[in-house]
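Hi,

Here is the structure I said I would pass on.

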Amino acid sequence: MLSATDMETHPDKAMVPEHEPTFGDLLHFLWARRVHLVSIFLILAGVFAVGLFLWRLVYVRPVVEGTLDLSFRGIERHEYPSGKKFSIEDIRSPEVLSRARANAGVPSSTAIQDLYVGVEITPVIPAEVQGRWRKQDRDGVKREEFFPHDFRIRVHPKGLTSDQSVQFLPALVKAYQDQVKFEQESALRRVADFSTLSPADLVKSYDSWDLPMLLRDREAAFRQHIETLTKESRDFQDPRFGLSFRDVGADLSTWRDTRLEALTAFIYKGRFVRDRDLMMKRLQQRIDELDVQVRQISGEAEQSTKLLEALDRSKPLLAGPLTNRDGAPLVDSTALERLVQSDYVGPVVKRVTELHKQAKELEAEKSRTERELAMLSKPESGSPRPASGLEDIVALVTKDLSRIVGSYNRLLDEYLNATVTSVVTLKEGPRITRDGPALATLAAVFLCIAVVIPFVVVLFEKAYRET
């Protein structure tokens, strides 16, 4: 301590403290003002809580989220069943948004552009795929191709309430299901019948000799649709559809063997034809066309068969380049043979079988057309008008066919509805969230501010008092 004499002799030394303040002095200073610090902290916490509540209530809009899962045939290549390319924008296309607006009860005054902007769609990339991508980026390798089938949808259209947004998301999924159903219908088309034309109109519009051929072509196309759907529905979770399509095919076979053959026999036996010479020219032209088609298909089948024979002869060469100096094979030739056959032989054999089947069907059609031409070539052939009773037989045949077609179309509609709801599903959601910074982030920022500000206030207060 400086004495009074020293202070008078050296007045500048009186301003020098005895020692510098330590960290303990700072803690003692803060502890002495702990009530003041806590009070400031609580006031800041209350103000921040009220501000956060008002901010989220007024400025942060509600967002409805969900995850859409697509599993229809072809999505692994980003294609629809019809072969059309898939795009994320299809989910929020103007047609889908218009249909969803009507289904959700949204006012028609809501612009489609506002709905489009208010729907965000992002693909969901699995973690293992992202890990492989990062590794490929580090290695300098091109990223593997991946087509996502899960998409996260966030709905926050402008002008819609929370309840309307919640209703809009399922309506959007339902509208897109209808769109996928339309794409499936493009691949599996419905079959039209003759219900638009009466039996009298059919007899007037077509030559009597044309009616069996016309109905036979319609039956062949109809049968192809049934076979396609029978094969496809075989793997569906509900076996009822596969059995039902098979029953429709059986009904069609019965119709062909009874109704159609009865009509054909009635017309051919009476040789009812309007213009005999014109019909003979048309039949000859059809025979020539069928002959060309048979030669084309037979040539393609022959080339495919030669490919199989060439592949079969190449078996001894499989292990040739893969041998050491002693001639011992380094790779099992049978393994390579199985690999080659699995990659090429299977599809080629399937194609050859289909070509032979088509060739036999065309040859049968050609033979039937030649018999018709032979019947018309007889001098007594040709009646100027159809015999009485033809309209009644045509009515019976077309009515029975319309019944089968109607059953098929109803079954097809049920099948498409069942499959589309299983391949386009809202896997997660709808759930309501708030669009804005995460609450944890805001809480961390507030904690930093609320802790620092009281200390700053107290230190400024001390500095002010000392001055």
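Predicted model: local features only at pLDDT ≥ 70, side-chain atom pairs only at ≥ 80, totals over all residues.

Leaving aside its neighbours within four places in sequence, which residues is threonine 67 in contact with?

Threonine 67 sits in strand β1, and with a relative accessibility of 5% it falls under the 20% cut-off and so counts as buried. Once the neighbours within four places in sequence are set aside, its contacts are Asp150, Phe151, Arg152, Thr425, Leu426, Lys427 and Glu428.

That list leads on to strand β3, which covers residues 150–155. Five of its six residues are buried, so β3 is largely enclosed by the rest of the structure. Strand β2 (residues 119–123) pairs with β3 in the antiparallel sense, over five bridges.

Most residues other than glycine have a negative phi. Histidine 78 has a positive one, about 55°, although it is not a glycine. You'll find histidine 78 in the loop between β1 (62–70) and α4 (94–103).

Now the helices, with α9 (residues 210–232) as the one to follow. It packs against α13 (residues 390–423) at an angle of about 20°, the axes being 12 Å apart. An angle under 35 degrees makes the two roughly parallel. The crossing of α9 past α13 is left-handed. On the α9 side the contact involves Leu211, Leu215, Phe222, His225, Ile226, Leu229 and Glu232, and they meet Val394, Val397, Leu401, Ile404, Val405, Tyr408, Leu412 and Tyr415 in α13. By type, the residues of this contact come to 13 nonpolar, one polar and one charged.

The other partner to look at is α10 (residues 240–270), where the angle with α9 is about 170° and the axes are 10 Å apart. α9 and α10 are therefore roughly antiparallel to each other. The contact of α9 with α10 divides into 14 nonpolar, five polar and five charged residues.

When you open the file, I'd go to threonine 67 in β1, then to the loop with histidine 78, and then to α9 with α13.

Cheers

Technical notes:
Residues numbered from 1 in each chain as written. Heavy atoms only, no water. Helix = DSSP H or I, 4+ residues; strand = E, 2+ residues; numbered from the N terminus. Axes fitted to C-alpha atoms, helices over the stretch in contact; angles between N-to-C directions. Parallel < 35°, antiparallel > 145°, perpendicular 65-115°, else oblique. Left-handed = near helix turned anticlockwise from the far one by under 90°. Contact = heavy atoms within 4.5 Å. Nonpolar A, V, L, I, M, F, W, Y, C, P; charged D, E, K, R; others polar. Buried < 20%, exposed > 50% of the residue type's maximum accessible area, 1.4 Å probe, protein only. Pairing = 2+ DSSP bridges.
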